[in-house]
Amino acid sequence: MNVVSQFGTIIPFLEEIKQVEGDRIFFSPISEGKWSSAAIVAHLYLWDQYIQNSRLPMMLAGDTLPSGQVDVQAINNDAQNFAHSGISKNELIDQFVNNRKILLEELAKADLQTAFTIGEHSYTLEKYLTGMVEHDEHHMKQMKDVYEHAKKSFIE
């Protein structure tokens with residue numbers, strides 16, 4: 001499976017979460033002091049948009065992207081606020097999935113060996129996406145753990 005396909009594996013995972021009854025688990029913190037699954041999905045959604053709109057055109061052109069100009073905390077705060085703004089679980093997941101599919105279409109047409117730099121660091125699009133896949137996998141594991149725990153609690 002190539003890295004673009006791997007970047008799409010979160011879609012069926014989130015489609016499964018849509019099938020889970022109730023929204024309480026989705027909007028509750030995954031553990032003490034942590035985000036909710038909703039905030040995680042919003043976080044991924046806003047970062048996808050940032051990459052798609054601000055970084056990808058420069059990456060595809062092989063440009064040097066500025067480093068340190070992204071206010072990571074502001075984007076993450078926006079994600080938290082968006083996730084808990086009253087949007088429904090299904091609407092949030094649908095918005096993420098639709099946006100990710102558009103990003104995947106753009107990436108499927110790209111030369112994954114296109115080289116670019118961010119600050120002093122050199123990347124190819126493939127290497128950058130590999131990091132994004134790892135980021136997705138980290139957050140999917142967090143959400144899987146929450147839902148697995150909830151299933152066990154429900155069964156017991």
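Visitor: Is Glu 105 buried or exposed?
Guide: Glu 105 is exposed, with a relative accessible area of 51%. Exposed means over 50% relative accessible area, buried under 20%, and partly exposed in between, using a 1.4 Å probe and protein chains only.

Visitor: Where's Glu 105 found?
Guide: In helix α6, which covers residues 89–108. Helices here are DSSP runs of H or I with at least four residues, numbered from the N terminus.

Visitor: Before I go on, what am I looking at, and how's the numbering done?
Guide: This is a predicted model, where local features need pLDDT of at least 70 and side-chain atom pairs count only at pLDDT 80 or more, while totals for chains, interfaces and linings use all residues. Residues are numbered from 1 along each chain as its sequence is written, and side-chain values use heavy atoms, leaving out hydrogens and water.

Visitor: OK, back to α6. At what angle do the axes of α4 and α6 cross?
Guide: Roughly 30°, and the axes come within 10 Å. That makes α4 roughly parallel to α6, a label for angles under 35 degrees. The axes are lines fitted to C-alpha atoms over the stretch in contact, with angles running from 0 to 180 degrees between N-to-C directions.

Visitor: Which residues make the contact?
Guide: On the α4 side they include Val 41, Tyr 45, Gln 49 and Leu 56, and on the α6 side Phe 96, Arg 100, Leu 103 and Leu 107 are among them. Contact means heavy atoms within 4.5 Å.

Visitor: Where does α4 bend?
Guide: At Ser 54, by about 45°, with Pro 57 following within four residues. The bend is the angle between axes fitted to the seven residues ending there and the seven starting there. Just after α4, Gly 62 takes a positive phi of about 75°.

Visitor: How many of the residues of α4 are buried?
Guide: 17 of the 24, so α4 is largely enclosed by the rest of the structure.

Visitor: Switching topic: what is Asn 76 in contact with?
Guide: Leaving aside neighbours within four places in sequence, Asn 76 touches Trp 35, His 43 and Trp 47. Asn 76 sits in helix α5, residues 72–83, and is buried at a relative accessible area of 11%.

Visitor: And Gln 19, buried or exposed?
Guide: Exposed, as the relative accessible area of Gln 19 is 60%. Gln 19 belongs to helix α2, residues 10–19. Gln 19 and Asn 90 are 71 residues apart in sequence and 9.1 Å apart in space, C-alpha to C-alpha.

Note on methods: Helices (H or I, at least four residues) and strands (E, at least two) are DSSP runs, numbered from the N terminus. Angles under 35 degrees count as roughly parallel, over 145 as roughly antiparallel, 65 to 115 as roughly perpendicular and the rest as oblique.
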